[in-house]
Amino acid sequence: MGMWASLDALWEMPAEKCIFGAVLLFSWTVYLWETFLAQRQRRIYKTTTHVPPELGQIMDSETFEKSRLYQLDKSTFSFWSGLYSEIEGTTLGFFMKDAIKKFVVTQCILLPVSSLLLYIIKIGGDYFFIYAWLFTLVVSLVLVTIYADYIAPLFDKFTPLPEGKLKEEIEVMAKSIDFPLTKVYVVEGSKRSSHSNAYFYGFFKNKRIVLFDTLLEEYSVLNKDIQEDSGMEPRKEDEGNSEEIKAKVKNKKQGCKNEEVLAVLGHELGHWKLGHTVKNIIISQMNSFLCFFLFAVLIGRKELFAAFGFFDSQPTLIGLLIIFQFIFSPYNEVLSFCLTVLSRRFEFQADAFAKKLGKAKDLYSALIKLNKDNLGFPVSDWLFSMWHYSHPPLLERLQALKSTKQH
């Protein structure tokens with residue numbers, strides 16, 4: 001009788017208490033699930049202390065151990081290690097200046113956008129969700145348009161890629177797949193992070209490519225420092241005047257050769273050619289419309305506000321926070337996982353596109369170098385990887401490339 005009495009009491013609870021209890025329960029469930037996954041991956045970092053046989057040809061034991069320890073520390077002190085990485089790559093003054101810029105830019109964008117959105121919801125009538133969705137669509141397109149030209153340069157320095165063989169080969173490759181390239185830039189990403197990357201942006205016939213300086217071997221800041229200290233020419237790693245310089249060369253940040261940079265770009269351009277960018281935009285906007293529609297359905301429910309302590313009023317801003325942050329959280333978790341699965345599929349497809357361009361061999365070596373430069377650990381718990389990794393693990397990508405790799 002006691003169990004049935006407890007169930008009856010649960011069903012007789014006020015709706016607002018049931019809602020708050022459900023939100024709290026789901027929040028703890030997600031936290032415990034994420035903790036469980038993190039512990040599985042942490043066990044991998046602890047127990048995999050030697051290079052697995054299948055990795056012997058692509059990673060030396062010193063790099064493997066350095067990556068393992070880095071990821072182990074990161075999993076334990078994720079916040080502090082992230083903050084340390086930011087401060088370590090420049091100075092404290094740069095960090096504070098960067099933080100202030102981010103705050104100012106965010107407020108300049110967020111405040112007017114939020115105010116206009118609330119106004120549209122207030123005057124929009126029964127179909128306000130359509131107008132709100134259209135407004136956010138326009139804002140997102142405007143931000144994408146102006147970000148690279150007016151916002152990103154506030155934080156990093158963008159310079160045109162100098163004339164030369166690399167630029168010519170990039171232009172030839174873009175033309176071969178009808179990519180409407182107009183400019184190629186190099187961004188000083190090394191001030192912010194040691195991670196390497198490349199991307200493109202722009203609408204219609206005005207596409208631009210951005211290469212991180214950390215991706216380019218001859219642009220690498222550490223490589224340049226070594227060359228200045230030793231008087232060496234680029235990429236002549238067997239020369240040096242002291243044991244200290246030799247040690248620096250051994251552990252220097254590699255970057256990629258021109259052929260490997262082109263292979264990485266072939267992958268990125270594959271995302272464009274295969275329509276991945278457009279597909280992601282469509283999915284994002286469909287999700288946005290659905291969320292605004294459900295918001296319109298739920299915003300009038302008093303019990304939602306009462307569940308969070310608002311018994312006598314229903315402020316629109318509070319309603320946005322409650323519904324989008326808490327009520328939609330189960331949906332957002334499922335959507336996030338589905339998008340992760342889709343992203344991994346897109347990555348394999350982009351790699352396959354680079355193969356068709358004849359870049360399999362160079363992409364293979366570039367992925368190994370980038371994994372080393374980014375201190376990526378190539379061994380993952382399958383469940384942690386499936387849930388979190390939007391990019392396939394290194395071994396899976398290499399195996400897919402190896403099947404038809406050019407020799």
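Modeller: Strand β4 (residues 207-212) is largely enclosed by the rest of the structure, because six of its six residues are buried. Buried means under 20% relative accessible area, exposed means over 50%, and partly exposed lies in between, with a 1.4 Å probe and protein chains only. Strands here are DSSP runs of E with at least two residues, numbered from the N terminus.

A word on the source. This is a predicted model: local features need pLDDT of at least 70, side-chain atom pairs count only at pLDDT 80 or more, and totals for chains, interfaces and linings use all residues. Residues are numbered from 1 along each chain as its sequence is written, and side-chain values use heavy atoms, leaving out hydrogens and water.

Now the two faces. In a regular strand, side chains alternate between the two faces of the sheet. In β4, both faces are covered. Lys-207, Ile-209 and Leu-211 are buried on one side. Arg-208, Val-210 and Phe-212 are buried on the other.

Next, the partners. Two strands pair if DSSP finds at least two bridges between them. Strand β2 (residues 181-187) pairs with β4 in the parallel sense, over six bridges. Here Lys-183 has Arg-208 of β4 as its bridge partner. Strand β3 (residues 198-201) pairs with β4 in the antiparallel sense, over four bridges.

Last, the turn. β3 and β4 form a hairpin, with five residues between them. Gly-202 sits in that turn and has a positive phi of about 110°.
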